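Let's walk through this model by way of its helix packing and its pockets. Have the viewer open as you read.

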Amino acid sequence: MALKSAKLSASLEDYLEVIYHVAKEKGAARARDIGARLSVAPPSVTAALKLLAEKELINYVPYDVITLTAQGHRVVSDVIHRHEALRDFLMNVLDVAPDQAEPAACKMEHAVPTDIIERLIDFTRRVRKCPNMNCHLKET
């Protein structure tokens, strides 16, 4: 899943993620819902939506519902994958409380390269399989 686009800022990735989640919860995403979720003023939401539409990641017409394009779905799937992997690592390997892990994962998802996230996923799986990390040692 190496779709992380250097052309998208962390802010635009957050917009895509919110569009996805709002549409999933409400059946459709509207600019006011996106702004409310991100605590962003309407002019800022409009500017971000226009940018995402120019990049062909969303279908956007003012005062109408906002939908993800096929490419938008691919990008947001990667963002969500990174977010969930980081949150899982923080909570299940480092024992970070959910109320701390969630915002930390949100910040980290934009900065940690995908190959490192894949290593964290692999490490998390190994920890779950062998919590004491001594599974690789042979008993003699």
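Start where H4 passes H5 in a right-handed crossing (right-handed if the near helix is turned clockwise from the far one by less than a right angle, left-handed if anticlockwise). Helices here are DSSP runs of H or I, at least four residues, numbered from the N terminus. The contact, meaning heavy atoms within 4.5 Å, involves His-83, Leu-86, Arg-87, Leu-90 and Met-91 on the H4 side, and Pro-98, Ala-101, Glu-102, Ala-104, Ala-105, Cys-106 and Met-108 on the H5 side. Sorted by class, that makes 9 nonpolar, 1 polar and 2 charged residues (Ala, Val, Leu, Ile, Met, Phe, Trp, Tyr, Cys and Pro count as nonpolar, Asp, Glu, Lys and Arg as charged, and the others, Gly among them, as polar).

Before going further, some housekeeping: this is a predicted model, where local features need pLDDT of at least 70, side-chain atom pairs count only at pLDDT 80 or more, and totals for chains, interfaces and linings use all residues. Residues are numbered from 1 along each chain as its sequence is written, and side-chain values use heavy atoms, with hydrogens and water left out.

Now the geometry. H4 covers residues 70-92 and H5 residues 98-108; their axes come within 8 Å and cross at roughly 140° (axes are lines fitted to C-alpha atoms over the stretch in contact, with angles from 0 to 180 degrees between N-to-C directions). That makes H4 oblique to H5, since under 35 degrees is roughly parallel, over 145 roughly antiparallel, 65 to 115 roughly perpendicular and the rest oblique.

Next up, H1 and H2. Their axes come within 10 Å and cross at roughly 115°, and this crossing is right-handed. H1 brings Asp-14, Tyr-15, Val-18, Ile-19, His-21, Val-22, Glu-25 and Lys-26 to the contact, while H2 brings Asp-33, Ile-34, Arg-37 and Leu-38. The tally is 6 nonpolar, 1 polar and 5 charged residues.

What about the pockets? A pocket is an open set of points on a 1 Å grid over the protein atoms alone where a 1.4 Å probe fits, with protein on both sides within 12 Å along at least five of seven lines; lining residues have an atom within 4 Å of a point. The largest pocket is lined by 14 residues, with Ala-31, Arg-32, Thr-46, Tyr-60 and Tyr-63 nearest its centre. Its lining has 9 nonpolar, 2 polar and 3 charged residues.

The second largest pocket has His-83, Arg-87, Glu-102 and Cys-106 among its lining residues, and its lining divides into 4 nonpolar, 2 polar and 5 charged.

Notes: Helix = DSSP H or I, 4+ residues; strand = E, 2+ residues; numbered from the N terminus.
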